[in-house]
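Have the sequence and the 3D view open while you read.

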Amino acid sequence: MKYKSQKIAYWFFATCMLLLSLQIVYGFVMGFARMGFDGLHDWIPFNAARATHTNLLVVWLLTGFMGAAHYIIPDESDREIYSEKLAYIQLISLILVGVVSIIGFHLNFWEGRKFLEIPRPLDYLVVVNVLLFLFNIGMTVWKGKRYTTTALVLYFGLFSAALLYLPGMIQFNSQTVDSYFRWWVVHLWVEGVWELIMGGILSFLLIKLTGVDREVIEKWLYVIVGLTFLSGILGTGHHYYYIGVPEYWKWVGGFFSMLEPLAFLAMAMFAISMYRKSGRNHPNTIALFWTIGSAIMSFVGAGFLGFAHTLPQVNLYTHGTLITAMHGHLAFWGAYAMIVFAILTYAMPLLTGRKLWNNPTGLFAFWASNIGMLGMTGAFAVAGIAQVYLERKLGLDFLTVQKEIQVHFLGLVLAALVFTSGIIAFIINFIRFGTPTDEALGAEQASGDISLARRS
Amino acid sequence: MLTKFQAKLFFLVGTFLFSAVFLLLTYDSLKYVYSSASSKTLSEEVISGKELWEKNNCMGCHTILGEGAYYAPELTKVYERRGPEWIRVFLKDPQAMYPGERKMVKYDFSESQISDIIAFLKWNGELDLKGFPPKPEYKSSTQLVNAESAAVVQPEKFKQICTACHSVGGAGGNVGPALDSVGKKYDIAYLQNWLRDPQKIKPGTAMPKLPLSENEIKDLSSYLSQLK
């Protein structure tokens, strides 16, 4: 690392790993409940497990993005973080809000709108918290020695994510309108501004890992985020087919959903071609694995599998079934979880000064978690397709169908075990790095950061 | 190829243009929603039903308008499918209606709260959802055997509750067996005992003990016993 304050990133990453572990535990609770072993029903009913599982996902990814920002922004702006103290206060308050929300979910205290379950009073604290973060990062960018596209895209992404949290806080009496604006947060986050954040991190990593000229990479970053918004904004329409709004959303949503995979395809092609352009290889190949892997898996999960059920004719049958869970798992994993893992794998040697790259544990973590996640996606797909046919086509009763597809959840849990073994390996590696030290300052030369080495 | 400036322009113009279109369509959609029939039936009960729906995170298991989790049934058309009486009985004690099956949390709702939730479900079921949820395409229909020649007409309770799981003459649910010729197998006395407490006669059966009055049990049994 170049700046002392980049060490803050480590504490965000550590929180990230902790929340991810908890998310997986709740995933298993639900997997077993679906297999018919709902033994925790009285303490953790399905809706509590589900709210905890999805909210932990959102919070750990945001924590990861924040950690990434604390690492990337000082590097890109050529200065220390504006206020280290503010950063720590912000992290601690974020954890507090998270813990209180999760406990609340188990006591039937929530807002009860999918993905936005955090109770209303805590929403205000979230807003204050994110404003603190944006202020701190924003001042760093503002007072920095240089303004790079990568930093600006990342900041603009984080800023818009905060802005778009607000429509979710307005109350509506009609379920239709409620649903309409809930997607302003949920869809425009994951298929809009989060992709800016992902693009920003991806381009930073590609600059560092491949050594391809910044100008080239940043130009393509603009094209990709341009494609994202071009398709993603009106693509929100694919959530509006059947909620009671005008018919034209079927056309608008259907058409722009067809374009949505383009942004992801561009992202994958961009990452691969930049990798092929790089003259020399960066020694931290596992970071490169996660980076390229993220670009590819996001195309498969978010682009392709998303496209597979967003056309209105298909969506009429798959809407509100396990098909959504199938797409959701690989999309979040590929696009957002893997990019957080990538920046973590890249940054850890630089933060701690330990060159723990390319070891068998790290390689196992990559393959096991990816194969496990693909297995889980497959299990959801088979269960979902069976559900659609039995329930929506043949008209069998919901619970009868659920019994028929119970066996696929055995497959899900087995794949989840493979996935979890990968995550455990990743966390073991993370712990082996230890905490960041000042001795790692200026260790870029030794780390093999091609572009930096060439410049200095 | 593109220069960096052109790429930036593509991003800015694209984003601005499509955001503007999106806002325009949003304005039009809201106008449509607020002038449609559903906005006139949005009563106090529906609104407080929605609050209860959210306060208890029903979306954490169920879906409505196809949105939510996929652990429990889609409820958009539940009012049409089950009817208000059935929902009322179910919400009073969810587990009694499906003994030994996937569990729903027992919420101890008051009578008026249950009415609000039913109002909320009814309101959603009446929305113009452009064909969602789709009607099953290959649903088999059993031909009615004797139900029409039956002397005793179908009691109201039967339509409200029993048809959720059983069918007579091809109409009704498919969770329990069709009752078209139930009178051939069982006499009135057996059916009365059965309805009073199914678990006592056949422990572990999926048939719940329903909150029926003695008169209702008699009506139902005499109706059923003549289905031969």
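Buried means under 20% relative accessible area, exposed means over 50%, and partly exposed is in between (1.4 Å probe, protein chains only). This is a predicted model, so local features need pLDDT of at least 70 and side-chain atom pairs count only at pLDDT 80 or more, while totals for chains, interfaces and linings use all residues. Residues are numbered from 1 along each chain as its sequence is written, chains are lettered from A and ligands numbered from 1 in the order in which they are written, and side-chain values use heavy atoms, with hydrogens and water left out.

Q: What makes the rings of Tyr180(A) and Phe181(A) a pair, and of which kind?
A: Rings of Phe, Tyr and Trp (its six-membered ring) pair if their centres lie within 6.5 Å; planes under 30 degrees apart are stacked, over 60 edge-to-face, and the rest tilted. Here the centres are 5.3 Å apart and the planes are at 65 degrees, so the pair is edge-to-face. Tyr180(A), at 1% relative accessibility, counts as buried too.

Q: How many aromatic pairs does the rule give over all chains?
A: The count comes to 52. One of them is Phe65(A) with Tyr336(A), whose centres are 6.1 Å apart with planes at 80 degrees, so this pair is edge-to-face. Phe65(A) lies in helix H2 (residues 46-77) of chain A and Tyr336(A) in helix H11 (residues 322-352) of chain A, so the pair ties together parts 271 residues apart in sequence. Helices here are DSSP runs (H or I, at least four residues), numbered from the N terminus. Phe65(A) and Tyr336(A) are both buried.

Q: What makes Lys393(A) a charge over the ring of Tyr317(A)?
A: The rule wants NZ of Lys or CZ of Arg within 6 Å of the ring centre and within 35 degrees of the ring normal. The charged end of Lys393(A) sits over the ring, 4.4 Å from its centre. Over in chain B, the charged end of Arg82(B) sits over the ring of Trp86(B), 4.6 Å from its centre.

Q: Why is Lys208(A) with Asp75(A) called a salt bridge?
A: Side chains of opposite charge can pair when their charged atoms come close. The label asks for a side-chain nitrogen of Lys or Arg within 4 Å of a carboxyl oxygen of Asp or Glu. The closest N and O atoms of Lys208(A) and Asp75(A) are 3.2 Å apart. Lys208(A) lies in helix H6 (residues 175-210) of chain A and Asp75(A) in helix H2 of chain A, so the pair ties together parts 133 residues apart in sequence. Lys208(A) is buried at 3% relative accessible area, and Asp75(A) is buried at 1%.

Q: How do you know that Arg146(A) and Asp78(A) form a salt bridge?
A: Their closest N and O atoms are 3.9 Å apart, and the limit is 4 Å. Arg146(A), at 26% relative accessibility, counts as partly exposed.

Q: How many salt bridges cross the interface of chain A and chain B?
A: The rule finds seven there. Among the salt bridges, Glu67(B) and Arg182(A) meet at 3.0 Å, N to O.

Notes:
Helices (H or I, at least four residues) and strands (E, at least two) are DSSP runs, numbered from the N terminus.
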